[in-house]
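Open the model in your viewer and keep the selection panel at hand.

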Amino acid sequence: MSSKTLPYSMKDVQYDNAKFRRRSLFQVISHTFFTKKMKRECMACSTGKFLALLMICGLTYLMLTHASPIHSITNHVSSFGTHKGNNSIIYGGIGVRRFWRKPPRLPPRLSPDESNNKSIASEWTSKQESVKKAFIHAWSGYKNYAMGYDELMPLSKRGVDGLGGLGATVVDALDTAMIMGLDDVVSEAGSWVEKHLPERISHKGQVNLFETTIRVVGGLLSSYHLSNSNPTNKGPKPSVYLENAKNLADRLLTGFTSSPTAIPFSDVVLHERTAHAAPDGLSSTSEATTLQLEYNYLSFLTGDPKYSIEAMKVLEHMKTLPKSEGLVPIYISPTSGEFSGNNIRLGSRGDSYYEYLIKVWLQQRQSNRTYLHDMYVEAVKGVKRHLVRKSKPNGLVFVGELPDGIDGGFSPKMDHLVCFLPGTLALGATNGITKAKAMEENLLTFEDLENLKLAEDLAKTCFEMYAVTSTGLAPEIAYFNSESYSENGLDGGNKSSEYIHDIVIKHADRHNLLRPETVESLFILYRITEDSKYREWGWSIFEAFEKYTKVESGGYSSLDDVTVLPPRRRDKMETFFLGETLKYLYLLFSDSNVIPLTEFVFNTEAHPIPIITKDHQTE
């Protein structure tokens with residue numbers, strides 16, 4: 001239909017779905033007759049004016065009296081149905097009501113971008129549901145065969161206690177279930193905590209201070225916050241989680257108070273309330289310095305400063321120790337308070353020291369602990385200067401190790417654990433806000449932008465550690481061909497990978513433990529850069545987990561060798577698969593207002609801890 005015959009002008013139509021404007025009978029007739037050529041010719045003389053008036057009167061009479069069907073019209077409008085008392089509209093009589101009826105609403109009009117965005121949102125919501133189903137499958141295996149044990153052995157269909165017997169999987173998985181809105185799981189896990197955990201805390205024996213703090217204390221505190229914030233909470237009263245966290249922490253504090261220095265002993269005997277050093281007398285640097293988020297928050301909640309005081313003594317002591325451009329050895333003595341050895345790395349025993357420098361500073365920004373930020377900045381400079389290299393032949397950026405310290409040789413070895421670093425660098429650059437907002441408000445320094453670029457480069461390397469293998473899953477450790485190192489015949493098995501000759505995977509390092517570090521960084525980088533490639537990479541990793549680690553009877557299993565098909569399974573589902581890996585994947589596909597990075601910091605076991613602000617009210 002030509003636009004000339006439309007009964008409205010496009011200027012009357014607003015993009016926000018406005019209605020047609022109502023027009024009177026006089027306006028309709030005048031538009032029909034006096035906007036045509038007739039207006040120019042017939043109105044030129046008095047006779048024409050008289051004839052026009054006569055024509056109008058005649059048409060008006062016909063409209064008021066004529067009601068015969070007009071089949072050509074009814075054939076098109078019959079689908080709207082019939083209405084009593086309104087036959088003049090339905091059967092084609094052009095009665096007065098046709099002109100006076102309420103004008104129709106325009107249909108919603110989406111721009112191509114809006115329509116596309118709606119489709120994309122639906123796609124990621126669907127992927128999020130797939131992750132939720134995977135969590136339910138993992139939990140069902142644990143519940144059916146290992147409820148109350150620390151971990152599930154999914155092939156043997158039994159449980160095992162490898163973390164002190166506190167039901168670590170229950171507590172590690174609890175806040176993930178809350179975030180996913182899985183009320184049945186929350187009820188099951190919460191009921192177990194209420195009925196069984198107090199007795200376990202009182203009677204169990206030796207536990208590792210670090211592992212118990214990040215998994216159990218951290219999980220209880222996060223669950224307390226989330227349940228306390230949810231009026232429809234399906235588990236026990238939120239106070240149950242806080243009381244158990246406090247009870248456990250009171251016993252774990254022995255690890256701090258028994259030590260002659262600020263560095264805590266690594267092991268605590270719960271039922272005796274005693275603590276001692278590891279057999280070699282040393283503590284891991286990362287373990288001693290990755291306790292502060294949890295105990296700071298516990299002090300905040302209880303009003304008792306003793307937890308925070310003991311934990312923060314460690315970082316205050318670390319500030320005084322000599323470092324190599326911010327880098328520290330991976331062992332420290334609780335007896336002397338000094339570092340032991342020269343081995344520097346961001347993998348096992350070193351990793352979360354660097355992570356907690358920036359996260360504790362973010363949590364405690366209102367407390368003016370600027371020394372933590374200063375230590376973080378210095379450490380990142382040291383990493384960039386001494387540990388970052390590029391692979392041969394294709395230039396993947398990776399982080400290596402210094403087994404003999406800053407003056408020793410460089411090793412192109414990179415643990416999967418190091419893949420926490422891209423997320424930490426991104427968090428340190430923008431403090432959790434999006435890159436776009438930080439740029440708009442001119443908040444980023446050149447160094448921040450440089451660190452963000454390094455984060456993105458390292459995230460790509462971490463993803464390629466997955467993509468280079470036959471299974472699409474990363475090994476525990478990778479080496480990189482580089483200027484000082486080259487080894488052939490130990491590739492990942494995926495011959496189509498562009499980086500098949502850059503990444504070396506030795507036979508002893510080919511296992512996969514369902515680790516979370518890469519998807520953790522993908523989650524943080526997506527939130528900060530809003531680049532959808534991180535979601536795509538995360539989905540690829542999730543699909544590989546589904547294809548090769550899922551056990552039909554329930555649960556997921558670690559793998560022995562990711563470079564061969566089919567991979568042999570190890571019969572172990574680590575607690576962090578439910579507590580971290582699936583949580584980060586779920587949040588990767590969620591809206592950014594779900595656990596926002598500006599309001600929470602995640603402890604090193606992915607338990608979200610609220611950032612403490614001056615106006616934060618005690619819960």
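Each stop below gives a selection and what is found there.

This is a predicted model: local features need pLDDT of at least 70, side-chain atom pairs count only at pLDDT 80 or more, and totals for chains, interfaces and linings use all residues. Numbering starts from 1 along each chain as its sequence is written, and side-chain values use heavy atoms, without hydrogens or water.

Stop 1: Thr604 sits in the loop between β14 (600-602) and β15 (608-610); strands are DSSP runs of E, at least two residues, and helices runs of H or I, at least four, numbered from the N terminus. Is Thr604 buried or exposed? Thr604 counts as buried because its relative accessibility is 17% (buried is under 20%, exposed over 50%, with a 1.4 Å probe and protein chains only).

**Stop 2: its contacts.** Beyond neighbours within four places in sequence, show Phe210, Ile214, Thr290, Ser352, Glu355, Tyr356 and Glu580, which are in contact with Thr604 (heavy atoms within 4.5 Å). Zoom in on Glu355: its side chain makes a polar contact with the Thr604 side chain at 2.9 Å (N or O atoms within 3.5 Å, one able to donate a hydrogen and the other to accept it; residues adjacent in sequence count only if both atoms are side-chain atoms).

**Stop 3: α10.** Select α10, which gives 4 residues, the largest share, to the lining of the second largest pocket.
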